[in-house]
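The following note sets out numbered points for a colleague who wishes to review this structure. Please read each point beside the coordinates.

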Amino acid sequence: MSEFASSAAAQLFDRIGGRQSVVGIIGMGYVGLPLAVAAFDAGFAITGFDVDPAKISGINNGQSPIGRIADDKIAAMRAAGRFEVTDNYDRLAECDVIVICVPTPLNKYREPDLSYVVGTTQSIAEHVRAGQIISLESTTYPGTTRDVMRPILEASGLKSGTDFFLAYSPEREDPGNPDFHTASIPKVVGGDGADASRLAELFYGAVVERVVPVKSCEVAEAVKLTENIFRSVNIALVNELKIIYDRMGINVWDVIDAAKTKPFGYMAFYPGPGLGGHCIPIDPFYLTWKAREYSVPTRFIELAGEVNTVAPFLVVDKLVGALSEYGRKPLTGSRILMLGVAYKKNVEDTRESPAFVLIEELERRGAIVEFHDPYVPVIPHMREHAAMSGRKSVQLNAGQISGYDAILLCTDHDGVDYQLVSQSAQLVIDTRNAMAGTNGKAIIVLA
């Protein structure tokens, strides 16, 4: 016990080390459910928490809501008796480890919306007890764990670092990437004090192959933002290069393929129709917003945001020009097939997908738009673009394809027959270079 400033920390350390701890994970989505699988495999008992009745019922009946996690795995976890999902937040009191995996979107003013984090923390505060560690994984600005969560939890009368323990460990999920999974991705961990840091390192060290400890929650929070701002800025760079090289008659994809042969000093990033997913379109704005408190301009980050935000509208302009040049048709009244609406290839995840911005803009300008996506049979309910919820994917066959004035390739899923598209389509606007190497009668225009 001399190793810890708190006796509660020493007792919790023993419980985690002996796999006697119950792990509560709030949010059974793309972050929370994979973490539940990894923690289960490490020998912990897991209680998942969610607010979606359909998701709760499905998981408890052995059905996975995420493509990368098989139903068989969920069924086996349920059969072992160490995993269940509930909407009863009273059961947080049973948990020794509580991990928060809830959304952190932007509001309509493109400012951080921490309502899910705040609401979840308030629910925890109603049940917090001595001997618990609470870890936030949701992306946020530096200071959230200490300045937003800690006061809410300490209003219970318990103190962080003495009674309960706070940590931040940013999620690093990459849906659709078969080379990495939760347990194999190094886990950055920062705690609110020395005891919290040791407990967080112990828990995550039992769940993942490598833990990367940092000095504080703030450092860990900044790590996540830095990773995704790096990606946002570099994607903006190649999106801008795409425009320049297109004017010069140079294929940017050929340039990138050649440049990435350099074994040092270069990392390949690729252009596209806009940013999607739960991280890159959102995370940079968390830092730019927080930076205003310190009177620090973030011109570089904001410029990247501007370039990436306008990308879908440039794609529409490219489509309009191609329809006019090759089809002698206006956009108004043209039938367009959107090929792929998921935000990235080989996943069912539609969060922040540029496809919906494209559809809205095309329809606003008079086009008739349908979509095909083998991973998204029906567009789910979304906070934004709610009017599109419930639209169904159409079949992809030669007869269907030939009936459209243009195919707009937005997401380059591996399972799509691009040769069939090339042979059957009149015109293809390819934003992903997926049609490279196909042969057919279709006119292929890179955008």
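1. Threonine 47 touches Val22, Val23, Gly24, Ile25, Glu84, Thr86, Arg91 and Cys95, with residues up to four places away in sequence not counted; contact here means heavy atoms within 4.5 Å. Threonine 47 belongs to strand S2 (residues 45–49). Helices (H or I, at least four residues) and strands (E, at least two) are DSSP runs, numbered from the N terminus. With a relative accessible area of 4%, threonine 47 is buried. Buried stands for under 20% relative accessible area, exposed for over 50%, and partly exposed for what lies in between (1.4 Å probe, protein chains only).

2. On provenance, this is a predicted model, in which local features need pLDDT of at least 70 and side-chain atom pairs count only at pLDDT 80 or more, while totals for chains, interfaces and linings use all residues. Residues are numbered from 1 along each chain as its sequence is written, and side-chain values use heavy atoms, with hydrogens and water left out.

3. The structure holds seven aromatic pairs. One of them, formed by tryptophan 253 and tyrosine 270, is stacked, at 5.6 Å centre to centre and 15 degrees between the planes. The pair links distant parts of the chain: tryptophan 253 lies in helix H9 (residues 252–259), and tyrosine 270, 17 residues apart from it, lies in the loop between H9 and helix H10 (283–291). Rings of Phe, Tyr and Trp (its six-membered ring) pair if their centres lie within 6.5 Å; planes under 30 degrees apart count as stacked, over 60 as edge-to-face and the rest as tilted. Tryptophan 253 is buried, at 9% relative accessible area, whereas tyrosine 270 is partly exposed, at 32%.

4. Phe44, Phe203 and Tyr204 form one aromatic cluster. The ring of tyrosine 204 also has the charged end of lysine 187 over it, 4.7 Å from the ring centre. The charged end of arginine 335 sits over the ring of tyrosine 404, at 4.4 Å from its centre. The criterion for a charge over a ring is NZ of Lys or CZ of Arg within 6 Å of the ring centre and within 35 degrees of the ring normal.

5. How are helix H1 and helix H7 packed? Helix H1 (residues 7–17) and helix H7 (residues 194–207) pack at an angle of about 5 degrees, with their axes 10 Å apart. H1 and H7 are therefore roughly parallel to each other. Ala9, Leu12, Phe13, Ile16 and Gly17 of H1 make the contact with Asp195, Arg198, Leu199, Leu202 and Phe203 of H7. These contact residues comprise seven nonpolar, one polar and two charged. Axes are lines fitted to C-alpha atoms, for helices over the stretch in contact, and angles run from 0 to 180 degrees between N-to-C directions. Angles under 35 degrees count as roughly parallel, over 145 as roughly antiparallel, 65 to 115 as roughly perpendicular and the rest as oblique. Ala, Val, Leu, Ile, Met, Phe, Trp, Tyr, Cys and Pro count as nonpolar, Asp, Glu, Lys and Arg as charged, and the others, Gly among them, as polar.

6. Helix H12 (residues 354–364) has as its buried residues Pro354, Ala355, Phe356, Leu358, Ile359, Glu361 and Leu362. These pack against helix H11 (299–327), strand S9 (335–339), S10 and strand S11 (406–409). Just after H12, glycine 366 takes a positive phi of about 100 degrees.

7. Arginine 110, although not a glycine, has a positive phi of about 60 degrees; arginine 110 lies in the loop between strand S4 (97–100) and helix H5 (115–125) and is partly exposed, at 34% relative accessible area. Glutamate 352, not a glycine either, has a positive phi of about 60 degrees. Glutamate 352 is placed in the loop between S9 and H12 and is partly exposed, at 32% relative accessibility.

8. Valine 378 is found in the loop between strand S10 (368–372) and helix H13 (398–402) and is partly exposed, with a relative accessible area of 38%. The C-alpha atoms of valine 378 and arginine 391 are separated by 5.6 Å, with the two residues 13 apart along the chain. Beyond its neighbours within four places in sequence, valine 378 is in contact with Gly390, Arg391 and Lys392. Proline 377, in the loop between S10 and H13, is exposed at 53% relative accessibility. Neighbours within four places in sequence aside, proline 377 is in contact with Phe371, Arg391, Lys392 and Ser393.
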